[in-house]
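Subject: Structure handover

Hello,

Here is the structure I promised you. Please open it and keep it beside this email while you read.

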Amino acid sequence: MSDLRREVLEQEQLARAGRRCRVAVCQAASCLSSGAGAVRENLQAQLTASGAGDSVEVFGTGCLGLCHAGPLVQVEHKDEQPRLYEHVDAGAARELAQRDVLGGQIVRERLSAAYASFFGRQRRIVLENSGVSDPERIESCVASGAYEALQKAVTEMTPADVVQELVRSGLRGRGGAGYPTGLKWSTVYKAKGARKFVICNADEGDPGAFMDRSVLEGDPHRVLEGMALAAFAVGADQGYVYVRGEYPLAIARLKTAIKQAERMQFLGARVFDTGFSFRVDIRIGAGAFVCGEETALIASIEGQRGSPRPRPPYPATSGLWGFPTLINNVETFANVAAIVGRGGDWYAGIGTGKSKGTKVFALAGRINRTGLIEVEMGLTLREILFEIGGGIPGGRAFKAAQTGGPSGGCIPAQFLDLPMDYESLAGVGSIMGSGGLIVMDDSSCMVDVARYFMEFCREESCGKCVPCRAGTVQMHGLLSKIANGRASLRDLELLESLSDLLRATSLCGLGQTAPNPVISTLRYFRDEYLAHIVDQRCPAGVCPMPGRGELHA
Amino acid sequence: MSTAAAPSTPAHPSGDKRFKLLDVAIKRQQFRPDALIELLHAAQELFGYLDDDVLIYIGRALRSPLSRVYGVATFYNFFSLKPAGRHTCVVCLGTACYVKGAGAVLQALEQARGIKAGETTSDGELSLLTARCVGACGLAPAVVFDGQMAGKLDPPGALARIADWKPSDERPA
């Protein structure tokens with residue numbers, strides 16, 4: 001039996017070893033929109049023209065992290081530390097090619113000053129291939145270890161072994177709720193069904209979150225391998241990736257990756273010449289936040305409106321077309337290959353007591369270095385925001401960090417030293433969520449923020465159950481009244497009782513968690529609500545206060 | 001696109017060739033009712049929007065009641081039942097963009113063209129839309145102009161982008 005993966009691996013590693021220098025150009029959505037595509041072509045053309053030929057490799061790679069400073073280019077001479085350059089435009093690309101790639105000199109003007117502090121505290125598992133491999137070439141990914149764990153699993157392990165590794169790893173769902181992944185897998189593994197399905201939830205709906213997008217664009221094979229391992233473990237032969245229609249680049253890269261993996265027999269019929277077959281299809285979402293909820297997502301794959309249904313039965317026993325279905329989020333699947341390859345015990349050694357491994361966060365909002373980071377669970381918020389993120393621009397004061405999007409809450413300044421893990425975040429009334437971390441300074445009004453999220457939930461409510469359909473409208477009305485300076489203290493009471501009502505009686509997670517931003521801002525920033533109501537004044541100067549007829553800053 | 005009728009068996013009474021392309025997509029999905037969303041995506045790509053005729057056509061092909069087809073088409077934000085303008089401008093209103101002033105950008109665009117978000121100018125020139133989050137939070141506030149993402153915009157910057165769009169412009173590929 002020929003071993004195609006090993007052949008490709010050896011060939012590609014030989015080619016890599018023969019290269020004097022590797023130049024990685026970030027080809028994630030953010031850098032592309034600042035012109036990274038042209039920079040890549042430009043570098044390639046110059047180096048080809050200079051006759052550097054095979055000794056230098058120019059390739060596109062996944063998100064390099066420092067999104068605000070794009071386009072990013074990483075130059076790595078053999079046996080040297082990689083150098084990261086930022087704001088590389090056409091002129092800078094010329095200089096980089098001549099001075100650094102060919103001349104071996106550091107181009108100090110464009111060198112990223114943030115490199116050490118930005119990457120020093122990070123620990124990369126999910127993002128380990130960014131800057132290393134080219135997501136559009138499977139050979140490049142194989143050379144970085146892709147599909148090694150899958151081959152090991154299908155040829156040397158039993159499905160029960162794979163499930164055991166996941167249980168031992170302590171991995172928890174990265175989509176937001178943090179359900180133990182191993183437990184979910186063993187439920188589907190034990191479930192009886194004529195067929196089983198694996199679904200990857202890539203309907204990254206939280207506004208302010210772009211982790212899944214970056215992972216899909218930067219390393220689609222890692223996600224596909226995780227899905228294949230899951231399918232092998234639970235006994236599924238068909239998988240779906242449910243991707244947002246708003247992510248055309250991620251969809252294109254996934255399609256390419258699936259085609260390439262099928263050609264190599266890493267997916268499709270008879271994976272690695274064993275009896276295991278696994279086909280993956282893409283389903284493109286059509287823009288409905290509620291489809292991130294698993295039963296709504298299943299309805300959408302079945303071609304219906306994305307309305308959730310009551311659970312139980314859970315999808316693990318009765319999901320897609322009534323068959324046992326395993327649903328995990330993109331980042332969860334992206335952890336699987338590393339766990340199976342290196343062992344669950346290795347993974348369990350990373351992180352804190354009940355929150356194992358790493359977490360990818362998307363830093364955005366009022367922060368100096370917006371971008372994508374991956375840190376070990378348990379790092380404090382202060383370390384993330386001020387060491388990695390570089391602090392708040394303009395010397396303004398940190399006010400709150402918002403996690404978990406419309407289902408989450410705000411973490412105020414007094415909890416800056418809070419370790420970022422599932423339990424600690426829940427303890428202060430927020431959630432880990434999918435990983436969007438939005439920083440707000442004193443220019444943000446918390447009443448306005450709460451209203452913003454409630455408007456979002458009102459728009460995205462599917463309308464199936466009354467508490468959510470009518471409750472979000474009423475709560476949004478009350479918040480607008482407060483923001484406009486027309487509310488009374490009685491309205492605040494009503495707002496609080498509606499919060500409890502939605503939480504207790506809504507059908508699905510969307511409605512149950514919709515009041516969270518209100519509850520959390522009321523808990524830590526009640527004085528701002530009172531300022532709006534009693535003094536008809538917006539402390540941050542955001543709300544126009546037409547109720548009073550003038551703006552009070 | 002030319003709409004000259006094909007000599008052999010027209011797919012649709014209008015003879016519009018795009019229906020033939022839609023037929024190909026329907027056959028590829030083996031007329032399965034659960035492929036409805038995929039086919040609506042395909043149809044919107046072909047026709048630009050979904051008018052009643054297209055919805056009825058898909059419903060018949062899949063043997064699905066029109067109520068279901070219409071229900072799905074109106075449930076999802078992605079599907080449009082009205083024709084879009086020659087140019088589209090999608091303002092991201094995700095949290096990161098919102099915190100960084102996307103509201104002001106949207107307001108400036110609305111005032112400049114005298115339309116509200118979700119509307120198209122009366123000359124069919126520009127559709128102004130909003131998105132929940134386009135996932136370019138590192139570039140907030142972000143706006144997608146005719147499929148091209150632009151980041152770190154302020155109101156004047158956004159207005160400059162649409163100022164180039166004159167009625168005589170060809171639609172960018």
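Helices and strands here are DSSP runs, numbered from the N terminus; a helix needs at least four residues. That numbering gives us α23 of chain A, residues 526-533. Please remember that this is a predicted model.

Phi of Q536(A) is near 50 degrees, a positive value in a residue other than glycine. Why is that worth a look? Most residues other than glycine have a negative phi, and most peptide bonds are trans. Is Q536(A) buried or partly exposed? Q536(A) has 18 C-beta neighbours inside 10 Å, so it counts as partly exposed. The cut-off for buried is 20 or more.

W321(A) also has a phi near 50 degrees, again positive and again not a glycine. Look for W321(A) in the loop between α13 and β8 of chain A. W321(A) has 13 C-beta neighbours inside 10 Å and therefore counts as partly exposed.

That loop also holds P312(A), between α13 (294-301) and β8 (325-329). A cis peptide bond joins R311(A) to P312(A), with omega about -5 degrees. Another cis peptide bond links G70(A) and P71(A). Its omega is about -10 degrees. P71(A) is in the loop between β2 (56-61) and β3 (73-77) of chain A.

**A sheet in chain A**

Next, find five strands of chain A that form an open sheet. In what order do they lie? The order is β10-β9-β13-β11-β12, and the pairing is mixed. Strands of a sheet pair through backbone hydrogen bonds, either parallel or antiparallel. At the edges are β10 (371-376) and β12 (409-412), each pairing on one side only. From one strand to the next, the twist averages 30 degrees.

Zoom in on β11 (residues 398-403) and β12(A). They pair in the antiparallel sense over four bridges. Q402(A) stands opposite C410(A) in β12(A).

**Where the chains meet**

How many residues of chain A are in contact with chain B? There are 39, and they are in contact with 32 residues of chain B. On the chain A side, four elements each supply at least two residues: α2 (29-33), β9 (358-365), β13 (436-441) and α18 (446-460). By class, that side has 15 nonpolar, 18 polar and six charged residues.

**Chain B**

Chain B has seven helices and four strands. Along the sequence, the pattern reads α-α-α-α-β-α-α-β-β-β-α. Of the 173 residues of chain B, 36% count as buried. Take the contacts in chain B with a separation of 6 or more: 57% of them come from residues 24 or more positions apart.

Finish with a helix pair. Two packed helices are described by the angle between their axes and the distance between the axes. The axes of α6 (residues 102-113) and α7 (residues 155-163) of chain B come within 8 Å and cross at roughly 40 degrees. α6(B) and α7(B) are therefore oblique to each other. Their crossing is right-handed.

Which residues meet there? From α6(B) come A104(B), V105(B), A108(B), L109(B) and A112(B). They meet P155(B), A158(B), L159(B) and I162(B) in α7(B). By class, this contact has nine nonpolar, no polar and no charged residues.

Best wishes

Methods. Residues numbered from 1 in each chain as written. Chains lettered and ligands numbered in written order. Predicted model: local features only at pLDDT ≥ 70, side-chain atom pairs only at ≥ 80, totals over all residues. Axes fitted to C-alpha atoms, helices over the stretch in contact; angles between N-to-C directions. Parallel < 35°, antiparallel > 145°, perpendicular 65-115°, else oblique. Left-handed = near helix turned anticlockwise from the far one by under 90°. Contact = placed C-beta atoms within 7 Å. Nonpolar A, V, L, I, M, F, W, Y, C, P; charged D, E, K, R; others polar. Pairing = 2+ DSSP bridges. Buried ≥ 20, exposed ≤ 12 C-beta atoms within 10 Å, placed from the backbone.
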